[in-house]
Amino acid sequence: MRSLNSILELSVAELDELIATAKDIIAHPENYWDKCAHKKLATLFFEPSTRTRLSFEAAMLELGGTVLGFSEAGSSSAAKGESVSDTARMVSCYADIIAMRHPKEGAPYVASRAATIPVINAGDGGHNHPTQTLADILTISRELGRLDNLTIGVCGDLKYGRTVHSLIEAMSRYEGIKFVLISPEELKIPGFIRYNVFENKGIPYTETASLEEAMPQLDVLYMTRIQRERFDDPWEYERLKDSYVLDVEKMKLAKEQMCVLHPLPRVNEISVKVDDDPRAAYFRQALNGKYMRMALILKLLDEAKQNPEKEAIDTTGLEYDRVCHNPKCISQTEQELPQIFRCTDKAADIHRCIYCEQRA
Ligand code: NCD
């Protein structure tokens, strides 16, 4: 049995297999109507969501299954102080698979260790959002016909934007990918992506603060919202919130064959006038999310049936003598959760918390 915490837990072959299943679902939905009959998906959303929760629920319903769950922490026992582990263990008695969103980084991972059913990370703080990436890669594949040899611009809040982190991890494994990181100085990409992906794997990238300058070279432009809820200082958010607005004028600088993605919700960063441009793919992207979540639910339930045993933790390089100082890490709040680090680069002496991936 497998859960999904990070997009890196799926190989490129598995990503391609999920895309193939999603395309088959699009072509022959009737073949899938009963695939999850009598199966239950629990959606445990401790943070607001529209697309992710509803597309998970629609996905399960279109597979013939049913759904249960909650859409805010206040209506769950978390409001009484229940730990993520206890909630996950208990929900395992009522459902066959869990989709969990949580403001604390690493919370779905902790849930997956306690649950006896697969847990899917539906967004953990400013860390990861692997199922959004599944929606993104199906969209790129359908819009441009390929996932290799692309120049991908990611624009906006690269620091707190969890969708960007998972997208970069996924796309860096395809051939001929280059990234253009477009952000204000204060919202640059965090260390776990900078070192793990760009430096260690030698993936080519450039950084700029100018969207106009980046525009002409891009095959994909991935716009993001400045993540207000992750800022400690509200004035900092006010200062940065309108850093980028993609409008009709800027679209004139882009290739004819590019596509614009956005995980949504948009706040101000794409003018509604861009919506009519055939290159604007963000609403199609939201639909693609449902098909990829259908494919993922099928895969994880099938694997759980074949092998109900939980995957063992990879213990190489684990260390128990360090403390995580990230206030947004699940290890700060979860009852009696051991602090665990992994040495990710011996030569450079880099150690990362196994829950949130911040450095010691
Ligand atoms: C994203 C998220 O929750 O991280 N939304 C989504 O899942 N489609 C992006 C965002 O909230 O800005």
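Which residues have the most contacts inside the largest nonpolar core? Select Leu134, Val154, Ile168, Met171 and Phe179. That core has 59 residues. A nonpolar core here is a set of buried Ala, Val, Leu, Ile, Met, Phe, Trp, Tyr and Cys residues joined through side-chain atoms within 4.5 Å; buried means under 20% relative accessible area, exposed over 50% (1.4 Å probe, protein chains only).

The model is predicted: local features need pLDDT of at least 70, side-chain atom pairs count only at pLDDT 80 or more, and totals for chains, interfaces and linings use all residues. Numbering starts from 1 along each chain as its sequence is written, and side-chain values use heavy atoms, without hydrogens or water.

Next, color helix α11, residues 282-306. Helices (H or I, at least four residues) and strands (E, at least two) are DSSP runs, numbered from the N terminus.

Zoom in on Leu134. Leu134 touches Ile7, Leu10, Leu15, Leu18, Met292 and Leu296, leaving aside residues up to four places away in sequence. Contact means heavy atoms within 4.5 Å.

Now select Phe46, Ile340, Ile354 and Tyr355. They are among the 28 residues of another core, apart from the largest one.

Move to strand β4, residues 119-124. Six of its six residues are buried. Strand β3 (residues 97-102) runs parallel to β4, joined by four bridges; strands pair if DSSP finds at least two bridges between them. Pick His102: its bridge partner in β4 is Asp124.

Finish with the cysteines. Cys93 is exposed, at 61% relative accessible area. Cys155 is buried, at 0%.
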